[in-house]
Amino acid sequence: MAASALTRSPVNALVRWVAGIRASLHTKLLAAFGIVTLLFVVMAAFGVHTIVETTEQARLLDLAHQRVDWSQQIEQALARQMQFSVLALLSQDEAAIARILRENNRFNELLAKLDAVEIGEQHALVEQVRVSQDEAMSVVADIANAIRDRTLGDVTGALLAHQERLDAEIAARVARLVDAEQRRMKALRDSIAHANRELLVTTAILSVSAVVLAWLCGFVISWSIILPVREAQNFLDHVATGAFEQRVVLPNRDEFGALAERMNRMSEELQKLDRMKVEAASELAQLNTQLERASRAKSEFLSNMSHELRTPLNAILGFTEMMVDGLYGELPEELKDPLNDVQTNGRHLLRLINEVLDLSKIEAGRMELALGDYSVQELVASVRVALRSLAEEKGLDFRIDVADGIPIARGDAGRLTQCLMNLAGNALKFTLRGEVCIGAALQGDELVYRVSDTGIGIAPEQIDNVFAEFRQVDATVTREFGGTGLGLSISKKFIEMHGGRIWVESRVGVGSTFFFSVPLRVGEAAT
Amino acid sequence: MKQPTILYVEDNEYNRKIVRQLLGRTSYRLIEALDGESGVAAAFEERPDLILMDVQLPKMSGLDATRMLRADERTQGVPIVIITSFAMSGDRERATAAGAAGYLAKPYSPRELLAMVRQFLPEEAS
């Protein structure tokens, strides 16, 4: 509000001009204080000058007083001198002459004093008075001579007349002198009064202008600081709301100007970063779309592949089964074995296809668990039923060992069955004599499945490779026992999707035990 | 007595041949369709007693065809068995949601197929 009022006021131009001065704040403040100090000094000097002036005027006035006083005394001395002259003439007494001379001395003394300080036109007047006085004194000397010669009676009239004429002349001149001195004093008094009035006015004007100048200094300097601070606040408010295109414009060429420049640079950087961020985000979004499209394409490819591979396999297995079932007539004995081999290999191919597709789906993140309640007892039993014929063929002991009292579990029964089938299938495959056992037990909230065998075992240095993709413990094993080597890594991923883990304990020549643990109730908060 | 009729919708020639040969020994009458659209048309025209529907078909998917047949009053009551070759999790649920009465995953065994057919459509003692 004050700021907007200022922008319209004429002082604003001054504030902007001060802000625009290329100097530091420190210098500006010092300059402002300097101006105020200078005003003080001027005021003080003027005060001193006034005192000196007044003192001088008082002295002059004093002197004028004295001169008036002296000239009045001269007047008196003259009066007395005339009195004594008259007296001398009348009394014809020389003593009166001595008195006249005394008064004359006083007169001359005073006249000399007056003459010492006198200047200009008065000087001439004093000189005339002195000439008249000298003439009067020669008359007095004549009187004295006449008194001594006792010839006074003859000349008294003439002397008296001469003396009276001179006295009148002197008196007139002295009167002029007194008058002149009095006039001069009056003039001096007038001029002093005038000077005093002028002094008063000047002092008042000087004081008022000093106060105004000091206020103006303070006002302009403070606003040249407040304005940029407000501008900066405004600017930072905008930046805080993300308006990075804003720039702060200050007339200042001091610290605030430098600050504004830095703030603008910061804003520029922020704007650049913001633009980069927006670009990166859009690039990322684009990439995301591409990835999504690729992922969808992969998923589509997978389901197409699945269909394309299974359809011919369906025909192969279907025709074979119908041949074996005698749909095309009695099967010659010598074809039974090769057709059996076709079926076995067809089913094996199917399992391989399933495994590869499963792994692809897992890798693509397209595999989802179908969670549901299941019975651990039933799940283990179904695996045993499915693999029993294989165990019987190899003459292996195949048993199950499920702990009593395991409650209904929750998980993807299909996938867990697949895992157990895989582990048990491997165990049967790699065991030549002895037994294979599928077990399950509850440990706290964890359900631990295990498949143990008395097979060939795994060497310690090979154990880490067991769960890796496309790995079998030994290349020769693949040739001897078959398999893609994907089963275990797929099982591992299914188990991990359940939030569980898989591990193995094994001794070469003694046998292996594979364990995997999954939460009893997958997808439900542990109690 | 009318001979029980089965409609088999499948685009693969060999799979049709298997079903044709499998049912050739039975008393069922078999009608074949090669894609979803002609499958639906055949179902409306012939009013079969059971439909075997492959999922991945040209022109119209098996699931869409199933939904269409379920929605039409002429074929509302005909049981449909969906045959899928995806075997992905959720396939069975999708088949049921579309209105299928049965579900068979490829590769199926002819024995299984025959057992499923007989379950829905008991063969009459001739």
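# Two chains in a predicted model

Buried residues make up 24% of the 527 residues in chain A. The model is predicted.

Colleague: How many helices and how many strands are there in chain A?
Modeller: Runs of secondary structure are numbered from the N terminus. On that basis, chain A holds 12 helices and seven strands.

Colleague: Take contacts in chain A between residues at least 6 apart in sequence. What percentage join residues at least 24 apart?
Modeller: Contact here means C-beta atoms within 7 Å. Of the contacts in chain A that span at least 6 positions, those joining residues at least 24 apart make up 71%.

Colleague: Are helix 2 and helix 6 of chain A roughly parallel or roughly perpendicular?
Modeller: Helix 2 (residues 11–19) and helix 6 (residues 152–240) of chain A have axes 9 Å apart. They pack at an angle of about 75°. Angles of 65 to 115 degrees count as roughly perpendicular. Helix 2 and helix 6 of chain A are therefore roughly perpendicular.

Colleague: How many charged residues has the contact of helix 2 of chain A with helix 6 of chain A?
Modeller: Helix 2 of chain A brings A:Val11, A:Leu14, A:Val15, A:Val18 and A:Ala19. Among the residues they meet in helix 6 of chain A are A:Phe219, A:Trp223 and A:Leu227. By class, the contact has 11 nonpolar residues and one polar residue, and the number of charged residues is: no charged residues.

Colleague: Which are the edge strands of the open sheet in chain A?
Modeller: This sheet of chain A has five strands in the order 2-4-5-7-6, with mixed pairing. An edge strand pairs on one side only. The edge strands of chain A are strand 2 (397–402) and strand 6.

Colleague: What is the average twist from one strand to the next in the chain A sheet?
Modeller: The sheet in question is the open one of chain A, ordered 2-4-5-7-6. From one strand to the next, its twist averages 15°.

Colleague: Which residue stands opposite A:Ile438?
Modeller: Strand 4 (residues 435–443) and strand 5 (residues 446–453) of chain A run antiparallel. Eight bridges join them. The residue of strand 5 of chain A opposite A:Ile438 is A:Val451.

Colleague: Which strands of chain A does helix 12 touch?
Modeller: Helix 9 (residues 376–394) of chain A lies across strand 2, strand 4 and strand 5 of chain A, at about 175° to strand 2. Helix 12 (residues 487–497) of chain A also packs on the sheet, its direction making about 135° with that of strand 6 of chain A. Helix 12 of chain A touches strand 6 and strand 7.

Colleague: Now chain B. Why is one side of strand 2 and of strand 5 left without a neighbour in the sheet?
Modeller: Five strands of chain B form an open sheet with parallel pairing, in the order 2-1-3-4-5. Strand 2 (29–33) and strand 5 (102–105) of chain B stand at the edges. One side of each lacks a neighbour because each has a single partner strand.

Colleague: Which residue stands opposite B:Leu7?
Modeller: Strand 1 and strand 3 (residues 50–54) of chain B run parallel, and four bridges join them. The residue in strand 3 of chain B opposite B:Leu7 is B:Ile51.

Colleague: Is B:Pro4 buried or partly exposed?
Modeller: B:Pro4 lies in the segment before strand 1 (5–9) of chain B. Its contacts beyond four places in sequence are B:Tyr28, B:Arg29, B:Asp49 and B:Leu121. Burial needs 20 or more C-beta neighbours within 10 Å. B:Pro4 has 18, so it counts as partly exposed.

Colleague: What arc do the buried residues of helix 3 of chain B cover?
Modeller: In helix 3 (residues 62–71) of chain B, the buried residues are B:Gly62, B:Leu63, B:Ala65, B:Thr66 and B:Leu69. They sit on the same side of helix 3 of chain B, because the arc they cover around the axis is only 160°.

Colleague: Which element gives the largest share of the side of chain B that touches chain A?
Modeller: The contact takes 18 residues from chain B and 18 residues from chain A. On the chain B side, helix 1 (13–24) and helix 5 (110–120) give two or more residues. The largest share is five residues, from helix 1 of chain B.

Terms used
Residues numbered from 1 in each chain as written. Chains lettered and ligands numbered in written order. Predicted model: local features only at pLDDT ≥ 70, side-chain atom pairs only at ≥ 80, totals over all residues. Buried ≥ 20, exposed ≤ 12 C-beta atoms within 10 Å, placed from the backbone. Contact = placed C-beta atoms within 7 Å. Arc of directions from axis to C-beta. Axes fitted to C-alpha atoms, helices over the stretch in contact; angles between N-to-C directions. Parallel < 35°, antiparallel > 145°, perpendicular 65-115°, else oblique. Nonpolar A, V, L, I, M, F, W, Y, C, P; charged D, E, K, R; others polar. Pairing = 2+ DSSP bridges.
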